[in-house]
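Here's a quick briefing to read with the model open in your viewer. Have a look around first, then come back for the notes.

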Amino acid sequence: MSWPVPSAKTIAARMAATLEAGLAGVLDAKAISYTPKAISFAVRSSRGLLAWILRSVSLELRSIHSHVAWWGRQYFVDTAEDEFVLRHASIWGVKQRGATYAVGSVAITGEPGTVLPADLQMTSSEGRVFALDVETTIGADGTVTAPATAAAAGTAGNYEAGIQLSTVEPWPEIDTITIAVAFSGGADEMPVAELQSATIAHIRKPPQGGAGYDYSDWLDDKFAIKAVRIIPDVVGRGSVGVVVAMKDEDGIGRAPSDDERAAMLAHLGRPLTPEGVRPVTAYVSVHAAEIVAVPLTVRIRPDTPVVRAAIEEAFGRFIATLGDDDDTGNDTPIGATIEVSRLSEEISAANGEYAHDLIVPAETYTLGAYQFPVTGAISFAEAE
């Protein structure tokens, strides 16, 4: 059981009772006349001198209790404050992922044969800078598509396809620059709350030099991932398939781009090379998760706008928590089993819901090995 922390009032009352008994004993021993009322006034009244002293001391003692309790919370990573979460993470060797750079591709038109250097800087109308990853040459047809990376880390580098860019320095040979493949993968520094969860996961499952969960940890060190699933022997004995869903700016899962998959594979280690963090003998491939919208059809009682909104929130919460620490039936949302009993329980807990009929899904089913679930359309059936 936890140690109770008394209030300052309780501490003062304890000391007052002890002091009353002590004063009475001393006065009796010295044969000094007194009345219990006089002692009580001195010890307990807001105008009593001893009462003022006791109140001051009790406040300080309560502060000490609070300070000791605060320190007790810092000893455990799940209750520690941010500064001490960072300390716990450093002790266990868990890295806080820094901000990541968005990657994509640009389509450039211009004078055929023009050689464009690596690190050629391009900018958007709001001043975001991107740079070519490799040296490239405009083809005979006057076009070329080349990979590029945002110059600054963070979510600000995520840009949709079709946006026009221009060179930072004058390049008369270039006519247009258009984002061909959306820039994605830019993420801010890992929040302390995520670092806290990663540290707890590390303590529960320490690295094993190639266990399935190690791949998730390795990728989380460098990329803003949402979920990972490991498929053993995906293309033959000894091969490891790593299915990845990335985290978008809203924290929702999305499929990684080809450039992101290439970067993740390079980090893990390309097949038949000694590079990367994976075991040298492991033949690793990185696969994009297939984003699948999970539909819901339900008949609710009462059927009101407030209850419908609560059902939508409950359904979103159910999908978002698939494969988390409290879901003992699924290690990851990728390829998770959708249990209708758990979904029905979540709907039953929605604010204002009295009863419901779950129509879709009608029975428990399991997603495909590469499928990552997101909240799909909700249909509310009419009352029978």
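In which helix does T199 lie? T199 lies in helix α5, which spans residues 192-204; helices here are DSSP runs of H or I with at least four residues, strands are E runs of at least two, and both are numbered from the N terminus. Keep in mind that this is a predicted model, where local features need pLDDT of at least 70, side-chain atom pairs count only at pLDDT 80 or more, and totals for chains, interfaces and linings use all residues. Residues are numbered from 1 along each chain as its sequence is written, and side-chain values use heavy atoms, with hydrogens and water left out.

- T199 is buried, with a relative accessible area of 0% (buried is under 20%, exposed over 50%, partly exposed in between, using a 1.4 Å probe and protein chains only).
- Leaving aside residues up to four places away in sequence, T199 touches V77, H88, A89, W92 and V94, where contact means heavy atoms within 4.5 Å.
- D324 sits in the loop between α8 (305-320) and β14 (337-338), and D324 is partly exposed at 28% relative accessible area.
- From D324 to I174 is 150 residues along the chain, and their C-alpha atoms are separated by 49 Å.

**Domains and annotation**

- The protein chain is divided into domain 1 (8-75), domain 2 (101-184), domain 3 (205-288) and domain 4 (293-380), with bounds from an automatic or database domain assignment.
- The C-alpha centres of domain 1 and domain 3 lie 63 Å apart.
- An unreviewed UniProt entry annotates residues 106-186 as "domain: Baseplate protein J-like barrel"; such annotations may be inferred rather than shown by experiment, with feature names shortened and positions in the numbering used here.
- Residues 106-186 are 0% helix and 48% strand, and the end C-alpha atoms of that span lie 16 Å apart.

**The second largest pocket**

- The second largest pocket has a volume of about 200 Å³ (a pocket is an open set of points on a 1 Å grid over the protein atoms alone, with protein on both sides within 12 Å along at least five of seven lines, and lining residues have an atom within 4 Å of a point; points are joined across faces, edges and corners, and the volume is the space filled by probe spheres set on them).
- Of its 15 lining residues, N158, F183, S184, E249 and R254 are the closest to the centre.
- β8 (174-184) and β10 (239-247) are the elements giving two or more residues to this lining, and β8 gives the most, with 3 residues.
- Domain 2 and domain 3 each supply at least three residues to the lining.

Methods: On a 1 Å grid over the protein atoms alone, a cavity is a set of points where a 1.4 Å probe fits but cannot get out, and a pocket is an open set with protein on both sides within 12 Å along at least five of seven lines; lining residues have an atom within 4 Å of a point.
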